[in-house]
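I opened the notebook today to follow some helix packing. Here is the model I had on screen.

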Amino acid sequence: MATPSYDHLLGQARTQAVRKARLVAVILAVCLAALAITGFFDPARFIEGGPAIAQLASEMVPPNFSRWQHWLKPLLDTLAMSIAGTVLAVLLSLPLALLAAANTSPNPWVYHSARTLLAALRSVPEIILGILFVAAVGFGALPGVLALALHSVGMVGKFYAEAIEHVDPKPLEAASAAGASRMQVITHSVMPQVLPQLADITIYRWEYHFRASAVLGIVGAGGIGFELMAALRLINYAEVSAILLAILACVVVVDGIGAALRKRLR
């Protein structure tokens with residue numbers, strides 16, 4: 001077998017470099033076009049909006065923490081919503097992920113159906129689901145939990161499925177050759193390999209859920225977002241900034257807890 005010449009290898013490297021450069025150029029062109037379409041390159045709008053932004057900032061400083069005691073329960077509700085939504089999302093995502101992973105799905109029809117279902121669930125934003133569940137079950141934390149869980153099934157299930165598809169196939173083949181059932185292959189060969197990745201995905205999603213829970217309160221799904229919306233309606237921007245700072249502090253704490261959990265589970 002003839003060894004490729006230096007010129008041939010150099011030509012292949014140049015061709016790959018040109019292809020990558022073209023791809024980067026196309027991506028940059030798309031990004032610049034998106035910025036132009038959305039009006040980012042219109043300096044007049046920024047100049048006109050400057051005074052309004054300055055006025056809004058002056059009304060938000062200093063923050064008004066006089067009602068901080070009234071925010072403790074909504075913040076606790078927001079934390080509970082994030083945890084409950086994550087638990088439900090995991091319980092629903094794991095079986096769907098096993099059906100949506102090519103190496104654990106029983107047949108192609110089930111595989112494509114599960115993938116389509118996950119895509120459909122993540123295509124509907126939490127805010128829309130929150131509005132629908134508020135109309136269905138009323139105000140409070142419950143519609144927020146349902147909205148978070150249902151939307152996250154689409155995302156978490158997809159990430160779970162991709163993690164499952166990238167496991168080492170040799171233990172699966174060995175278990176199957178030894179006569180293990182499909183469930184035994186999953187529990188003894190698949191899950192031990194992917195559990196650390198699934199834990200990481202779950203913790204990241206919980207951190208996201210806390211931030212999303214604050215937004216869902218704006219549509220009546222309970223939590224600190226309800227207090228934030230009330231302050232906005234009263235044009236009490238000093239209280240708005242105080243609530244935002246309280247949310248920021250909680251997000252920092254939640255992110256710290258998540259980082260500690262990931263470190264312990266490695």
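**Set-up.** I am working with a predicted model, where local features need pLDDT of at least 70, side-chain atom pairs count only at pLDDT 80 or more, and totals for chains, interfaces and linings use all residues. Residues are numbered from 1 along each chain as its sequence is written, and side-chain values use heavy atoms, with hydrogens and water left out.

**H5 against H6.** Two packed helices are described by the angle between their axes and the distance between the axes. I took helices as DSSP runs (H or I, at least four residues; strands are E, at least two), numbered from the N terminus. For helix H5 (residues 126-137) and helix H6 (residues 141-165), I found axes that come within 8 Å and cross at roughly 140 degrees. That is why H5 counts as oblique to H6. Axes here are lines fitted to C-alpha atoms, for helices over the stretch in contact, with angles from 0 to 180 degrees between N-to-C directions. Under 35 degrees is roughly parallel, over 145 roughly antiparallel, 65 to 115 roughly perpendicular, and the rest oblique. By class, I noted ten nonpolar, two polar and one charged residues in the contact of H5 with H6. Ala, Val, Leu, Ile, Met, Phe, Trp, Tyr, Cys and Pro count as nonpolar, Asp, Glu, Lys and Arg as charged, and the others, Gly among them, as polar.

**H4 against H6.** Next I checked helix H4 (residues 108-122), whose axis comes within 6 Å of that of H6, crossing at roughly 140 degrees. H4 passes H6 in a left-handed crossing. The contact includes Arg-115 and Arg-122 of H4 and Lys-158 and Glu-162 of H6. The contact of H4 with H6 divides into seven nonpolar, three polar and five charged residues.

**Salt bridge.** How many salt bridges does the structure hold? I got five (a side-chain nitrogen of Lys or Arg within 4 Å of a carboxyl oxygen of Asp or Glu). Arg-67 and Glu-239 form a salt bridge at 3.1 Å, N to O. Arg-67 lies in the loop between H2 (43-60) and H3 (72-100) and Glu-239 in H10 (residues 237-265), so the pair ties together parts 172 residues apart in sequence.

**Annotation.** The unreviewed UniProt entry gives "transmembrane region" for several spans, including residues 20-41 and 127-150. Residues 127-150 have end C-alpha atoms 12 Å apart and are 88% helix.

Notes: UniProt positions renumbered as here; feature names shortened; annotations may be inferred. Left-handed = near helix turned anticlockwise from the far one by under 90°. Contact = heavy atoms within 4.5 Å.
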